[in-house]
Amino acid sequence: MPWVIFDLDGTLIESEQIWGDVRHEFAVTNGGHWRENAQSDMIGMRTQEWANYIHDQLGVALCPQQIAESVVAMMIDRLSRNVPVLPGADEALNRLSQTFPLGLATSATSAVAQAVLEKTGWRSLFQVVVSADEVARGKPAPDVYLRALDLLNADPRKTAAIEDSANGIRSAHAAALTVIAVPNPAFPPDQQTLALATHILPNLEPLNTSLIISLLNDQGLSH
């Protein structure tokens, strides 16, 4: 039985810019500063890691725990009012969930992920939801995907990952998954990272059962 594991931020919802806006607002209103590459630096970081980044690199004097709690609360408030679902995400999830067990492997804290799943109605579509906060290392380390594989009782050789970011692609590749990249235009992966993907899509609309089965079969033959 094949399995499919999705990333969340930037893959199913256009939230990377919201994370950037919220962190930017928080930093500059709490005595810190902002830098152009700050949000791209924090993509894939676990909560503790990006809270430390805001403290150490952006000069916010609050302790990292306070930073994390405040930013997460701001994100949940924003997403509880509106979740910017990417085109084709609803259709892809509903389509694929008819055939494959689905997992979610996200760098977002569990509270943010659950807020999104509640607002979108997607919770019932995922058999497992794993936050990088639950594992030792965030993306690009493979830990969050390895944990999702374990909970799904899934074979990595028969599992596809859907990812948008450089750190996410590297994470899924390191976990030995077949990686389908859907690059986020605002934070595009570099070409070296994209080369790790088995297949690249312009958006989620072409993502269907036959494509995933074909890619997994091709990967199986190459092993």
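The model is predicted, so local features need pLDDT of at least 70, side-chain atom pairs count only at pLDDT 80 or more, and totals for chains, interfaces and linings use all residues. Residues are numbered from 1 along each chain as its sequence is written, and side-chain values use heavy atoms, with hydrogens and water left out. The chain has ten helices and six strands. Helices (H or I, at least four residues) and strands (E, at least two) are DSSP runs, numbered from the N terminus.

**Overall build**

- The chain has a radius of gyration of 17 Å, which agrees with the value near 17 Å for a compact globule of 223 residues. This radius is taken over C-alpha atoms, and the globule rule is 2.2 Å times the number of residues to the power 0.38.
- The C-alpha atoms fill a box of roughly 55 × 35 × 30 Å, taken along the principal axes.
- Buried residues make up 53% of the chain's 223 residues. Buried means under 20% relative accessible area, exposed over 50%, and partly exposed in between (1.4 Å probe, protein chains only).
- The accessible surface comes to about 9600 Å², and 49% of it belongs to carbon and sulfur atoms. Accessible areas come from the Shrake-Rupley method with a 1.4 Å probe; for residues, only the protein chains shown count as cover.
- Take the contacts between residues at least 6 apart in sequence: 65% of them join residues at least 24 apart. Contact means heavy atoms within 4.5 Å.

**Nonpolar cores**

- In soluble globular proteins, nonpolar side chains tend to be buried together.
- A nonpolar core is a set of buried Ala, Val, Leu, Ile, Met, Phe, Trp, Tyr and Cys residues joined through side-chain atoms within 4.5 Å.
- The largest nonpolar core here has 53 residues. Those with the most contacts inside it are Phe6, Leu12, Trp50, Trp122, Phe126 and Leu207.
- Helix 4 (residues 64–81) gives the most to this core, with six residues.
- Apart from this core lies another, of 21 residues, among them Ile5, Ala105, Ala154 and Ala175.
- Leaving aside neighbours within four places in sequence, Leu12 is in contact with residues including Phe6, Val85, Leu104, Trp122, Phe126 and Leu204.

- In helix 3 (residues 47–56), the buried residues are Thr47, Trp50, Ala51, Tyr53 and Ile54. They lie on the same side of helix 3, because they cover an arc of only 155° around the axis. The arc is that of the directions from the helix axis to the C-beta atoms.
- These buried residues pack against helix 1, helix 2 (38–42) and helix 4.
- Helix 6 (residues 110–120) buries Val112, Ala113, Ala115, Val116 and Leu117. Their cover includes helix 1 (16–29), helix 4, strand 2 (102–106) and strand 3 (128–131).
- Gly121 follows helix 6 and has a positive phi, near 80°.

**Aromatic pairs**

- The structure holds two aromatic pairs. Rings of Phe, Tyr and Trp (its six-membered ring) pair if their centres lie within 6.5 Å; planes under 30 degrees apart count as stacked, over 60 as edge-to-face and the rest as tilted.
- Phe6 and Phe126 pair edge-to-face, 6.5 Å centre to centre, with 85° between the planes. Phe6 lies in strand 1 (residues 3–6) and Phe126 in the loop between helix 6 and strand 3, so the pair ties together parts 120 residues apart in sequence. Both Phe6 and Phe126 are buried.
- Trp19 and Trp50 also pair edge-to-face, 5.7 Å centre to centre, with 65° between the planes. Trp19 is in helix 1 and Trp50 in helix 3, so the pair ties together parts 31 residues apart in sequence.
- Trp19 counts as buried at 3% relative accessibility, and Trp50 is buried at 1%.
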